[in-house]
Amino acid sequence: MTAVPRVLIVEDNELVTGAMQILFESADWHVAIANSVAAAVADGERHPAALVLLDLSLPDGDGLSLVEPLRALGSRYFVALTGRDDPETRDRCLAAGCVDVLVKPVPVRELLAKALAWRV
């Protein structure tokens, strides 16, 4: 029996988190949601995630500031979710340690297909 992979969705928009929660739960992932940097760190201290989806603009800071602390707590893969489709943003996300950068609205089939590789 394999463990159910865990995804942490760090996003302050309830419509986005609701849709992603349904999407990942239907693909047999355990879903956790954090709407701020502080909530994401608190969640990561309790339970590392196989996959962390990061909104860049959160009420209390930059989502990319979570990569290092959550990785140190055991989370594995980080994907930036952004509304900005420019090379500078992409480069900044990859330099911070993200394995991918997806532009909102996120293509759900593409996200789930890629998430299969990150099921750990």
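In which strand is Arg6 found? Arg6 lies in strand β1, and the legends below place this strand and its surroundings in a predicted model. Residues are numbered from 1 along each chain as its sequence is written, and side-chain values use heavy atoms, with hydrogens and water left out. As the model is predicted, local features need pLDDT of at least 70 and side-chain atom pairs count only at pLDDT 80 or more, while totals for chains, interfaces and linings use all residues.

**View 1. The open sheet of five strands.** The strands follow the order β2-β1-β3-β6-β7, and their pairing is parallel. Strands (E, at least two residues) and helices (H or I, at least four residues) are DSSP runs, numbered from the N terminus; two strands pair if DSSP finds at least two bridges between them. The edge strands, each pairing on one side only, are β2 (30–34) and β7 (100–103). On average, neighbouring strands of the sheet are turned by 20° against each other, direction ignored. Such angles run from 0 to 180 degrees between N-to-C directions, the axes being lines fitted to C-alpha atoms, for helices over the stretch in contact.

**View 2. Strand β6 and its two pairings.** Strand β6 covers residues 77–82 and pairs with β7 in the parallel sense over four bridges. Within this pairing, Val79 has Asp100 of β7 as its bridge partner, and Thr82 stands opposite Val103 in β7. The pairing of β3 with β6 is also parallel and has five bridges; here Leu54 has Ala80 of β6 as its bridge partner. Because five of its six residues are buried, β6 is largely enclosed by the rest of the structure. Buried means under 20% relative accessible area, exposed over 50%, and partly exposed in between (1.4 Å probe, protein chains only).

**View 3. Helices lying across the strands.** Helix α4 (residues 87–96) lies across β6 and β7 and runs at about 145° to β7. Helix α5 (residues 108–117) lies across β3 (51–55) and β7, at about 165° to β7. In the loop between β6 and α4 is Asp86, which counts as buried because its relative accessibility is 19%. The side chain of Asp86 makes a polar contact with the side chain of Arg84 at 3.4 Å. A polar contact is a pair of N or O atoms within 3.5 Å; within protein, one must be able to donate a hydrogen and the other to accept it, and residues adjacent in sequence count only if both atoms are side-chain atoms.

**View 4. The nonpolar cores.** A nonpolar core is a set of buried Ala, Val, Leu, Ile, Met, Phe, Trp, Tyr and Cys residues joined through side-chain atoms within 4.5 Å. The largest has 20 residues, of which Leu8, Val10, Val52 and Leu66 touch the most other members. Elements giving two or more residues to this core are β1 (6–10), β2, α2 (37–46), β3, α3 (67–72) and β6. Another core, of 17 residues, lies apart from it and includes Trp29, Leu51, Leu81 and Ala115.

**View 5. Val52 in strand β3.** Val52 is found in β3 and counts as buried because its relative accessibility is 0%. Leaving aside neighbours within four places in sequence, Val52 is in contact (heavy atoms within 4.5 Å) with Leu8, Val10, Leu70, Ser75, Tyr77, Phe78 and Val79. Val52 and Ser75 are 23 residues apart along the chain, yet their C-alpha atoms are separated by 7.3 Å.

**View 6. The two sides of helix α2.** The buried residues of α2 are Val37, Ala40, Asp43 and Gly44. They lie on the same side of α2, because they cover an arc of only 125° around the axis; the arc is that of the directions from the helix axis to the C-beta atoms. What covers these buried residues includes β1, β2, β4 (57–58), β5 (61–62) and α3. On the other side of α2, Glu45 and Arg46 are exposed.

**View 7. Arg6 and its surroundings.** Arg6 counts as buried because its relative accessibility is 10%. The side chain of Arg6 makes a polar contact with the side chain of Asp43 at 3.0 Å. Not counting residues up to four places away in sequence, Arg6 touches several residues, among them Trp29, His30, Ala32, Asp43 and Pro48. The C-alpha atoms of Arg6 and Pro48 are separated by 7.8 Å, although these residues are 42 residues apart along the chain.
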